[in-house]
Amino acid sequence: MNISKLIFLLFFLCYFTFPANARESQPVYQVLPLKYREGDKATWKSAGYTNKYWKFLLNDTWHASEEQHLWLRSDVILDAPGDSFPDAILFLQITAACEVYWNGELLGNNFIGDVPLDSLQARYAKSFLIPAEKQNAGMNQLAIRTLLAPEQTLRIGGIELASSTATLHPPVSKTIFPMILFFIHGILVVYYLRAFLKHRSSRHHLFWSAMLFLLTVQSGYSAALLNFDIHYEKVLSFNLIQDYLTLALYWIIPLFFAYEFEFRFKRTVLVVSILLTIWNHEALLYDRIYQIAGMIPSLLLIAWAIYRQKESALHALFGMLCLIALLFSGFINSLLDVSFLIFILFASITISRRLGVKSKDHEQSMLRSSRLETEMLRKLIQPHYIMNSLNAVIDWLEDEPEKGVEFIHALSDEFRILSRISHEKLVPVEDEIKMCQAHLRIMAFRKEQPYSFRAVDIDYLKSVPPGIFHTIIENGVTHSPHFVDRTDFILKEESLSNGVRYRIINQQADLPESLRATVMERRPMRSDVMVEEPLDEGTGLKYIRARLTESYGENWQINGQAVVGGWETVIEIYNNGAEE
Amino acid sequence: MNILIVEDEARAARRLQKLIPQALKGRDIQVTHIETLGAAITLMDRRRFDLLFLDLNLNGKNGFDLLREIVSYPFHTIIVSAYAEKALEAFEYGVLDFVPKPVLAERLEKAIQRFLNQDRNDNEVKYLSLRKGGNIELLPTAKIKYIHAAGHYSEIFLENHHCKLHDKSLERLLMLLPAQFERIHKSYIVNIDYVKEFHAASGSRYSVELSNGETLPVGRSRYKTIKEKLALG
């Protein structure tokens with residue numbers, strides 16, 4: 001299954017199926033903002049007590065400088081209590097030991113084991129049963145009595161009401177969600193790691209993999225937190241990690257877009273993002289408006305991308321709008337909670353699309369390769385090449401049958417090597433040389449001119465693209481003048497500090513000085529030279545260039561120059577260009 | 001008979017040098033072999049040839065440019081080439097025959113026989129090419145009204161009243177021209193498409209009237225054929 005489809009599926013399961021099922025039977029309620037008061041008085045728990053003069057608990061957080069009692073109170077409005085939800089559950093997440101009172105009556109505490117409040121042994125997430133008869137239509141009073149150690153930070157992770165069928169577990173939607181996130185993150189870690197291992201050059205895959213690993217740990221921990229007895233102190237230090245991860249998101253998201261859309265000033269984007277988080281990190285963590293403001297750099301980048309008509313800019317806009325809508329709806333509290341999922345969803349879509357492009361590139365290169373193969377075959381198995389050769393073969397057979405047979409052997413040699421190497425991207429120099437020699441034997445029979453081929457300092461095991469020396473030699477034969485006694489081809493290998501150089505020298509022996517200039521003039525092809533092969537400088541050179549590019553990218557060079565008595569072609573291939 | 005072979009491959013040239021005399025048994029022939037067309041053209045301007053055997057790379061524009069120049073010469077051209085697929089196009093420019101490689105003795109003989117018998121070409125020649133200054137001009141055969149013999153040359157009269165001089169003789173042109181061209185007189189070839197009426201005057205004097213009112217004489221021995229052909233047309 002396609003990874004983005006898998007994520008989509010999990011996404012829908014996660015966001016719509018579970019909460020929707022759970023929501024169907026959820027009580028309709030509203031928890032008003034928490035207020036606090038330092039100290040400890042028994043009357044503060046009572047239903048009739050008015051907390052009008054208490055202060056609001058900012059960011060649901062309190063830091064104790066010394067050991068102290070802290071009371072928290074909130075009003076909970078229930079729309080239709082009792083009847084439809086006989087067994088309501090209060091689900092509390094708090095980083096402190098506490099006792100919970102509902103309309104003045106004790107619901108329970110979050111202590112681990114049978115210990116008193118001052119032992120401070122308490123768990124983070126806890127559910128409390130609110131019997132139907134204790135639920136009032138309209139206003140209900142929730143009071144929480146806590147005891148804090150010196151330098152302890154109290155943080156309210158959530159106060160939620162849910163219906164439950166007699167079990168005292170947190171609502172299923174609440175616990176299953178981090179579980180699913182855990183699995184999604186886990187799958188993605190493996191996916192991106194594999195993608196990185198496949199293409200080592202794609203560092204961004206490693207980056208994704210590492211980040212997703214952190215998230216896997218985070219969501220795994222969240223899942224454990226809600227399902228097992230975990231001390232709130234551990235939650236606190238963990239919360240800090242969560243905070244940093246959340247803040248890091250404000251850098252990573254715009255940076256991701258900067259890379260995705262190839263924005264030039266990536267450092268500026270990073271600096272702006274960092275400044276933004278330094279400016280007000282508290283607000284970015286807890287305040288919805290600030291959270292959305294934190295998206296402005298990303299939105300600006302997307303706007304720029306849309307203006308520049310970048311690919312997938314509209315995808316990005318859609319993803320960001322979803323994210324903002326979710327933040328704004330209050331369905332999620334922190335960017336970290338869910339946005340990662342959307343963000344990863346978006347990233348997966350774009351990256352998998354990019355992988356698609358990559359595989360398209362691969363197909364293209366395969367296509368190019370087969371086109372080059374066809375071109376090479378066409379060059380050698382052209383009807384006119386065969387017909388001209390047959391024309392000569394017939395004549396040799398009629399006049400000197402033995403020579404004719406020899407000629408046929410040379411022809412079959414050339415075609416045999418050709419059929420073996422034409423589909424390769426790189427072939428041993430040895431094969432290439434054999435093919436050149438076979439071609440020269442054929443041309444010697446056809447033109448009744450001696451051609452010689454010498455290989456100097458050649459490492460026969462090195463590989464070259466097929467047909468490149470052959471093409472040069474073919475060209476040399478075609479352009480060699482008719483009035484020389486002999487044409488010599490010399491292939492010379494020279495090592496460079498960063499690669500290898502091949503010289504192919506084409507020399508006309510016994511060429512009178514007076515004719516040398518004429519020979520030089522003849523290349524590139526002049527109209528009065530009759531050429532049977534259509535291999536003028538253009539086609540042959542184009543083929544060589546295409547083959548070299550296919551195997552070495554840009555790391556090669558080809559040059560031609562006149563030398564005494566002939567012509568020299570120089571091919572240089574540089575290291576690190578070869579595709580091993 | 002002067003025969004020129006232009007062929008860059010020694011073996012192929014040798015084969016032609018062997019097969020041509022066989023086909024022209026008993027005739028007094030002189031065969032010259034030249035490797036490059038450049039050198040051949042220099043020679044053509046200096047010596048009179050009767051027949052040219054030409055190996056030409058017809059793959060690409062260049063080959064046909066050269067072909068157009070070659071067919072403007074007075075002699076006939078037989079192409080000997082491995083590019084058999086270009087034969088039809090070569091005929092359009094007025095080559096006498098196209099012998100594909102590998103060259104078979106029978107096929108070559110047939111081409112030579114066609115030359116000897118002055119058989120008319122049954123291929124669709126679309127252009128006559130002629131040299132004017134240093135340039136080659138292509139005359140579409142459909143635009144030619146009639147051709148008048150002028151010694152070794154021919155005067156070609158066109159639809160637009162222009163007259164061009166061609167190096168080939170009337171006999172040689174007739175061998176190349178398509179079927180609507182008819183020899184009506186020892187000095188005239190007419191394009192039947194331009195003939196309006198056939199006139200018979202007293203004293204067995206015959207003539208044809210062209211669509212523009214011009215009249216051309218019709219030879220006594222030829223009037224029957226012309227009349228038939230016009231009746232059919």
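1. Chain A contains 16 helices and 18 strands, and of its 580 residues 37% count as buried. Please bear in mind throughout that this is a predicted model. Among the contacts in chain A between residues at least 6 apart in sequence, 73% join residues at least 24 apart.

2. Within chain A, helix α13 (residues 429–447) deserves a look. Its 19 residues should span 27 Å at 1.5 Å a residue, and the end C-alpha atoms are 26 Å apart, which agrees.

3. In chain B, an open sheet of 5 strands is arranged in the order β2-β1-β3-β4-β5, with parallel pairing. The edges are taken by β2 (30–34) and β5 (97–100) of chain B, each with a single partner strand, so one side of each is left without a neighbour in the sheet. On average, and with direction ignored, neighbouring strands of this sheet are turned by 20° against each other. Strand β1 (residues 2–6) of chain B pairs with β2(B) in the parallel sense over 5 bridges, and B:Ile3 stands opposite B:Val31 in β2(B).

4. Helix α1 (residues 10–23) of chain B lies across β1, β2, β3 (51–54) and β4 (76–81) of chain B, and runs at about 170° to β2(B). Helix α5 (residues 105–117) of chain B also packs on the sheet, where it touches β3, β4 and β5 of chain B, and its direction makes about 170° with that of β5(B).

5. Helix α5(B) has 13 residues and reaches 18 Å from its first C-alpha to its last, close to the 18 Å expected at 1.5 Å a residue. Its buried residues include B:Leu108, B:Ala111, B:Ile112 and B:Phe115; seen down the axis of α5(B), the buried residues fall within an arc of 95°, so they line one face of the helix. An α-helix has 3.6 residues a turn, so residues three or four places apart point the same way. The buried residues of α5(B) pack against α1, β3, β4 and β5 of chain B, whereas the face turned away from the buried side carries the exposed residues B:Glu106 and B:Asn117. After α5(B) comes B:Gln118, whose phi is positive, near 55°.

6. The largest nonpolar core has 99 residues, of which B:Leu16, B:Leu52, B:Ile78, B:Ile79 and B:Val95 touch the most other members. Helix α13(A) gives the most to this core, with 9 residues. Leaving aside neighbours within four places in sequence, B:Ile78 is in contact with residues including B:Leu52, B:Val95, B:Val99 and B:Ala111. A second, separate core of 39 residues includes A:Tyr29, A:Leu92, A:Tyr124 and A:Ile159.

7. Finally, B:Leu176 has its place in helix α6 (residues 170–176) of chain B. Is B:Leu176 buried or exposed? With 22 other C-beta atoms within 10 Å, B:Leu176 is buried. Leaving aside its neighbours within four places in sequence, B:Leu176 is in contact with B:Gly94, B:Leu96, B:Asn121 and B:Val125. The C-alpha atoms of B:Leu176 and B:Asp119 are separated by 8.9 Å, although these residues are 57 residues apart along the chain.

Conventions
Residues are numbered from 1 along each chain as its sequence is written. Chains are lettered from A and ligands numbered from 1 in the order in which they are written. This is a predicted model: local features need pLDDT of at least 70, side-chain atom pairs count only at pLDDT 80 or more; totals for chains, interfaces and linings use all residues. Two strands pair if DSSP finds at least two bridges between them. Helices (H or I, at least four residues) and strands (E, at least two) are DSSP runs, numbered from the N terminus. Axes are lines fitted to C-alpha atoms, for helices over the stretch in contact, and angles run from 0 to 180 degrees between N-to-C directions. Two residues are in contact if their C-beta atoms, placed from the backbone, lie within 7 Å. The expected span of a helix is 1.5 Å times one less than its number of residues. A residue is buried if 20 or more other C-beta atoms lie within 10 Å of its own, exposed if 12 or fewer, and partly exposed in between; C-beta atoms are placed from the backbone. The arc is that of the directions from the helix axis to the C-beta atoms. A nonpolar core is a set of buried Ala, Val, Leu, Ile, Met, Phe, Trp, Tyr and Cys residues joined through C-beta atoms within 7 Å.
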